[in-house]
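Please keep the sequence and the structure in view while reading.

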Amino acid sequence: MNAPGSEKMHQSYRRAIQLAEAELAKRQSDPSVRSSLAVYLIRDAQPERALAEIDQVLSQTDLPPQVLFNAALVVELADQRRRSMTLLARALAAGYRLREISAEPDLVKLRADPEYHKLASRYEK
C-alpha cells in the first residue's frame with residue numbers, strides 16, 4: 001500500500017485523474033465519472049478543482065446514492081463538515097448504506113461528530 005502523500009500515491013492519483021478526465025470527455029454529463037474525478041482530485045491535494053467538479057455534479061438532479069456519497073466525502077476532506085453532513089443525509093435517504101459510511105477511513109473524524117450520530121441513528125437497523 002502506498003503511504004499517504006508519497007510520490008507513488010501521487011502518481012497513482014494523477015493516473016486516475018487522467019483516466020477519469022478521458023472518460024469525462026466522452027460522457028460530460030455523467031455524474032458518476034465526475035464525482036469519482038473529484039474524489040481523486042481531493043485525495044491528490046487539489047481541493048479547489050475537486051470542489052468545482054462537485055459543484056458541477058450537484059447542479060444535476062436525481063443523483064445516485066454513490067454520487068451523493070462521493071460529494072459528501074469530497075466536501076468533508078475540504079473541511080466543509082456541515083455541507084458534508086447534508087450530503088450524507090441525502091445519500092442515506094437515496095439508499096446509500098450506513099455500513100459503507102462506517103467503513104470509509106477518510107470519514108473517521110466526521111463519525112466522531114455528535115451530528116453524525118444523530119443522522120446515523122435514523123438509519124441504523
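A residue is called buried when its relative accessible area is under 20%, exposed when over 50%, and partly exposed in between, with a 1.4 Å probe and protein chains only. The model is predicted: local features need pLDDT of at least 70, side-chain atom pairs count only at pLDDT 80 or more, and totals for chains, interfaces and linings use all residues. Residues are numbered from 1 along each chain as its sequence is written, and side-chain values use heavy atoms, with hydrogens and water left out. Helices are DSSP runs (H or I, at least four residues), numbered from the N terminus, and strands are runs of E with at least two residues.

- The buried residues of H8 are Tyr 116, Leu 119 and Ala 120.
- Because these residues cover an arc of only 95° around the axis, they lie on the same side of H8; the arc is that of the directions from the helix axis to the C-beta atoms.
- On the face turned away from this buried side, H8 carries the exposed residues Pro 114 and Lys 118.
- The buried residues of H8 pack against H5, helix H6 (98-103) and helix H7 (108-111), where contact means heavy atoms within 4.5 Å.

**H5 against H8**

- Two packed helices are described by the angle between their axes and the distance between the axes.
- Helix H5 (residues 81-93) and helix H8 (residues 114-121) cross at roughly 10°, and their axes come within 11 Å.
- H5 is therefore roughly parallel to H8. Angles under 35 degrees count as roughly parallel, over 145 as roughly antiparallel, 65 to 115 as roughly perpendicular and the rest as oblique.
- Axes are lines fitted to C-alpha atoms, for helices over the stretch in contact, and the angles run from 0 to 180 degrees between N-to-C directions.
- H5 contributes Met 85, Leu 88, Ala 89 and Leu 92 to the contact, and H8 contributes Glu 115, Tyr 116 and Leu 119.
- By class, this contact of H5 with H8 has six nonpolar, no polar and one charged residues. Ala, Val, Leu, Ile, Met, Phe, Trp, Tyr, Cys and Pro count as nonpolar, Asp, Glu, Lys and Arg as charged, and the others, Gly among them, as polar.

**H2 against H4**

- Helix H2 (residues 31-43) packs on helix H4 (residues 65-77) at an angle of about 20°, with the axes 9 Å apart.
- This angle makes H2 roughly parallel to H4.
- From H2, the contact takes in Pro 31, Ser 32, Ser 35, Ser 36, Ala 38, Val 39, Ile 42 and Arg 43; from H4, Val 67, Asn 70, Leu 73, Val 74 and Leu 77.
- The residues of the contact of H2 with H4 comprise eight nonpolar, four polar and one charged.
- Asn 70, in helix H4, is buried, with a relative accessible area of 8%.
- Leaving aside residues up to four places away in sequence, Asn 70 touches Ser 35, Ser 36, Val 39 and Ile 54.

- Ala 45 is in the loop between H2 and helix H3 (47-58) and counts as exposed at 64% relative accessibility.
- Phi of Ala 45 is near 65°, a positive value in a residue other than glycine.
- Asp 62 is in the loop between H3 and H4 and counts as exposed at 77% relative accessibility.
- Phi of Asp 62 is near 55°, a positive value in a residue other than glycine.
- Glu 23 belongs to helix H1 (residues 7-26) and is partly exposed, with a relative accessible area of 26%.
- Glu 23 and Leu 37 are 14 residues apart along the chain, and their C-alpha atoms are separated by 9.8 Å.
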